[in-house]
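Work through the exercises below with the structure in view. Each task is followed by a solution in steps.

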Amino acid sequence: SPPAMSCPVLHGGSGDPATDERLRSDAAAFRALAREYEAALPAPDCAPARECLTACRVEVGEASEFTRRVLWRMGIGRWHCVPEAKALQQCQRLRRKEADQVTKACKIPTGSFRGAYHQCLNTKKSDECLKTLKVYISCVKGQSHSN
């Protein structure tokens, strides 16, 4: 029978420790740049809205039997988190819109930071692509200061 093929990223490595370490290092560098890119976007931070929705869901999920069966039926309190969910959706929509504008202004191919990196990897080495991402981040930072 033919030998089993494995994906070096998904199934425990390539078998070459140097390659595996390079893959881990490149992935960590990309994650760090992606975080820097997200932080540089001149768009609203949706973390507070996300935290509010999470807290509401926990509160609803942990409501007592009495609250669920009696109070909610009488119209006292809420058994849903619709306002919080709508607030988060509105924030995310605005963030996407502003991110799209910056992406176009900075001429980031494919319209996404991650997509630009993956497209670059088709023709160049990872270190060259990481340098390109740093240029994009500098542009995004410049855009956020001009707004």
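## Exercise 1: a surface methionine

Met 74 is exposed, with a relative accessible area of 57%. The model is a predicted one.

Task: find where Met 74 is placed and which residues form a nonpolar patch with Met 74.

Solution. 
- Step 1. Classify it: the cut-off for exposed is over 50%, and Met 74 has a relative accessible area of 57%, so Met 74 is exposed.
- Step 2. List the patch: Phe 66, Val 70, Met 74 and Ile 76 form a nonpolar patch on the surface. Together these residues have about 380 Å² of accessible area.

## Exercise 2: two disulfides

Task: state how many disulfides the whole structure has, then describe the pair Cys 46 and Cys 91 and the pair Cys 56 and Cys 81.

Solution. 
- Step 1. Count: a search of the whole structure gives four disulfides.
- Step 2. Take Cys 46 and Cys 91: their sulfur atoms are 2.1 Å apart, and they form a disulfide. Distant parts of the chain are linked by this pair, with Cys 46 in the loop between α1 (17-40) and α2 (47-61) and Cys 91 in helix α4, 45 residues apart.
- Step 3. Find the handedness: the torsion about the S-S bond of Cys 46 and Cys 91 is about -100°, so this disulfide is left-handed. Cys 46 and Cys 91 are buried.
- Step 4. Take Cys 56 and Cys 81: a disulfide joins them, with an S to S distance of 2.1 Å. Cys 56 is in helix α2 and Cys 81 in the loop between α3 and α4, so the pair ties together parts 25 residues apart in sequence.
- Step 5. Find the handedness again: about -95° of torsion about the S-S bond of Cys 56 and Cys 81 makes the disulfide left-handed. Both Cys 56 and Cys 81 are buried.

## Exercise 3: a bonded pair and a cysteine apart

Solution. 
- Step 1. Cys 120 and Cys 129 are joined by a disulfide, S to S 2.1 Å. With -90° about the S-S bond, their link is left-handed.
- Step 2. Buried means under 20%.
- Step 3. Cys 52 is partly exposed, with a relative accessible area of 42%.

Methods:
Residues are numbered from 1 along each chain as its sequence is written. This is a predicted model: local features need pLDDT of at least 70, side-chain atom pairs count only at pLDDT 80 or more; totals for chains, interfaces and linings use all residues. Side-chain values use heavy atoms; hydrogens and water are left out. Patches are made of residues with over 30% relative accessible area and no salt bridge: like charges are joined within 9 Å, nonpolar side chains (Val, Leu, Ile, Met, Phe, Trp, Tyr) within 5 Å. Accessible areas come from the Shrake-Rupley method with a 1.4 Å probe; for residues, only the protein chains shown count as cover. A salt bridge is a side-chain nitrogen of Lys or Arg within 4 Å of a carboxyl oxygen of Asp or Glu. Helices (H or I, at least four residues) and strands (E, at least two) are DSSP runs, numbered from the N terminus. Buried means under 20% relative accessible area, exposed over 50%, partly exposed in between (1.4 Å probe, protein chains only). A disulfide is a pair of cysteine sulfur atoms within 2.5 Å.
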